[in-house]
Structure formats: C-alpha cells, structure tokens
Amino acid sequence: MTELERHEVPEDVPTEIEPVEWSLDVTGRVREPVSLSRGDLASLPSETFVGDFACAEGWVADDCSWRGVRVESVLDRAGVDDGVAYGLVHAADGDYACALPLDRLSSAVLAFELDGAALDRAHGGPARLVPTDEGRDCWESVKWVAEIELRRRQPTDADTARERALSRIE
Ligand SMILES: Nc1nc2c(c(=O)[nH]1)N[C@H]1C(S)=C(S)[C@@H](COP(=O)(O)O)O[C@H]1N2
Ligand SMILES: [Mo]
C-alpha cells in the first residue's frame, strides 16, 4: 500500500461523478469553449509523469506514476486567446479550485491513471491535475477536475481553495 493510499481520504468525496458521463469543460478566454468527453481526451497523446507527491501536512507518497494527457494539448482543443496568463482549475466537489499561471498549467498532466490502474474516485478519478514543475504544492493537484477556465488576470485567493487547503495544515 502506498503512502497515498494510506492517507486518510476526506469524507466529502463526491459520489455523483459517473466516469461514463464525465466531461471536462474548457471555458473563459478561449477561441471556442469545448466540453471534452473521456473519449475525446483519449484521442490526445498520453504520457506518464513520475514524481513524489508531498503534502504540506507532512507526508510523502514516493514515485507516484501518473498517466494522462498534457494539459497543453487539452487547451489546444479550445484554442488559448491572446493575453491569457492564468487558468483556474475547478473540481466537481463544491467550490474547490486552484489557479495556476499558464506555463505551469500547460506543463501539468491531467491524469486518469495512477501506478498502472485507473485512478479511483478517492484519489480524484476520473481525472486529477498533476502539476509537473518542481515548485508544485499538494493542494494544486486538483482531484475530480471538471472545468479549466482561462483568464487574462490572476484570480484572487477568494476564487481558489488555497486558504481552505492550507487551513487543514496545522
Ligand atoms: N478537489 C480537491 N482536490 C484536492 C483536495 C481537495 O480537498 N479537493 N486536497 C488537496 C490536497 S491538500 C492534497 S494533499 C491532495 C490529497 O490527495 P489524496 O486524497 O489522493 O491523498 O489532494 C489535493 N487535491
Ligand atoms: Mo495537502
């Protein structure tokens, strides 16, 4: 059992997301808003990113192997407008969201698999955002991704779950 599996899963894991029905909306400052099904995303090139997952609460899951599609290729399906600087990644669980600068968002992987198996719901399935840069924080790995909204300006902390995620850390 990996550290990630051992880690206590929050009780508010959404139960209403059906992988078959699930789709990802790309909205905001795009040429054309799109809603991409799992099948649409499966037609994009897939890749594997291996990295430790370190939570600010003090635990680390070593060598997580995430398989999915690079967010850049997802955004290309909608077309990124000139001047876009940020993406706000929204989860299906309530108002959890995370803002990332466009370069960090583009290089992130939208993961559907962890360690060779379909990502289970407890850990964010059907799709979880996995930033791949060295400066990534645990709370930026948005589970149950439902929408990526592109913006020209930096979203405020009020738009994101940063404080909520960090408030869980003693
Ligand atoms: N949608 C959503 N994503 C989230 C969170 C959350 O509460 N909701 N918590 C974050 C934090 S702080 C951590 S450490 C990891 C925990 O991932 P795990 O539950 O797979 O161990 O999910 C991140 N992504
Ligand atoms: Mo965390």
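Biologist: Where is Ser 106 in this fold?
Modeller: Ser 106 belongs to helix α4, which covers residues 102-106. Keep in mind that this is a predicted model.

Biologist: Why is Ser 106 called buried?
Modeller: The relative accessible area of Ser 106 is 15%. Buried means under 20%, so with 15% Ser 106 falls in that class.

Biologist: Which residues is Ser 106 in contact with, leaving aside its neighbours within four places in sequence?
Modeller: Those residues are Arg 70, Val 71, Glu 72 and Leu 75.

Biologist: What makes Arg 153 exposed?
Modeller: A residue needs over 50% relative accessible area for that label. Arg 153 has 69%, so it is exposed. Its place is the loop between β10 (145-151) and α5 (162-167). The C-alpha atoms of Arg 153 and Tyr 86 are separated by 6.6 Å, although the two residues are 67 residues apart along the chain.

Biologist: On to the aromatics. How many aromatic pairs does a search of the whole structure find?
Modeller: Two.

Biologist: Why is the pair of Trp 22 and Phe 112 called edge-to-face?
Modeller: Start with the distance: the ring centres lie 6.1 Å apart, and rings pair if their centres are within 6.5 Å. Then the angle: planes over 60 degrees apart count as edge-to-face.

Biologist: What makes the pair of Phe 53 and Trp 59 tilted?
Modeller: Their planes have 35° between them, and the centres are 5.8 Å apart.

Biologist: How do you know whether Phe 53 is buried or exposed?
Modeller: Its relative accessible area is 11%, so Phe 53 is buried, given that the label requires under 20%. Trp 59, at 16%, counts as buried too.

Biologist: What lies over the face of Phe 53?
Modeller: Arg 128 does, at 4.9 Å from the ring centre. The cut-off for that distance is 6 Å.

Biologist: Now the charges. How many salt bridges turn up in a search of the whole structure?
Modeller: Five. As background, side chains of opposite charge can pair when their charged atoms come close.

Biologist: Why do Asp 133 and Arg 104 count as a salt bridge?
Modeller: The closest N and O atoms of Asp 133 and Arg 104 are 2.8 Å apart, and a salt bridge requires the nitrogen within 4 Å of the carboxyl oxygen. Asp 133 is in the loop between β9 (128-130) and β10 and Arg 104 is in helix α4, so the pair ties together parts 29 residues apart in sequence.

Biologist: Are Arg 104 and Glu 140 buried or exposed?
Modeller: Arg 104 is buried at 17% relative accessible area, and Glu 140 is buried at 7%.

Biologist: Why is Arg 151 called partly exposed?
Modeller: Arg 151 has 23% relative accessibility, and the class runs between the 20% and 50% limits. Asp 159 is partly exposed as well, at 29%. The side chains of Arg 151 and Asp 159 meet in a salt bridge, 3.2 Å from N to O.

Biologist: Which residues touch the most other members of the largest nonpolar core?
Modeller: Leu 41, Trp 66, Leu 105, Leu 110, Leu 129 and Ile 148, out of 45 residues in that core. Strand β7 (residues 109-114) gives the most to this core, with five residues. Among the residues that Leu 129 touches are Val 71, Leu 100, Val 109 and Glu 140.

Terms used: Residues numbered from 1 in each chain as written. Chains lettered and ligands numbered in written order. Predicted model: local features only at pLDDT ≥ 70, side-chain atom pairs only at ≥ 80, totals over all residues. Heavy atoms only, no water. Helix = DSSP H or I, 4+ residues; strand = E, 2+ residues; numbered from the N terminus. Buried < 20%, exposed > 50% of the residue type's maximum accessible area, 1.4 Å probe, protein only. Contact = heavy atoms within 4.5 Å. Core = buried A, V, L, I, M, F, W, Y, C linked by side-chain atoms within 4.5 Å. Phe/Tyr/Trp six-rings, centres within 6.5 Å; stacked < 30°, edge-to-face > 60°. Lys NZ or Arg CZ within 6 Å of the ring centre and 35° of its normal.
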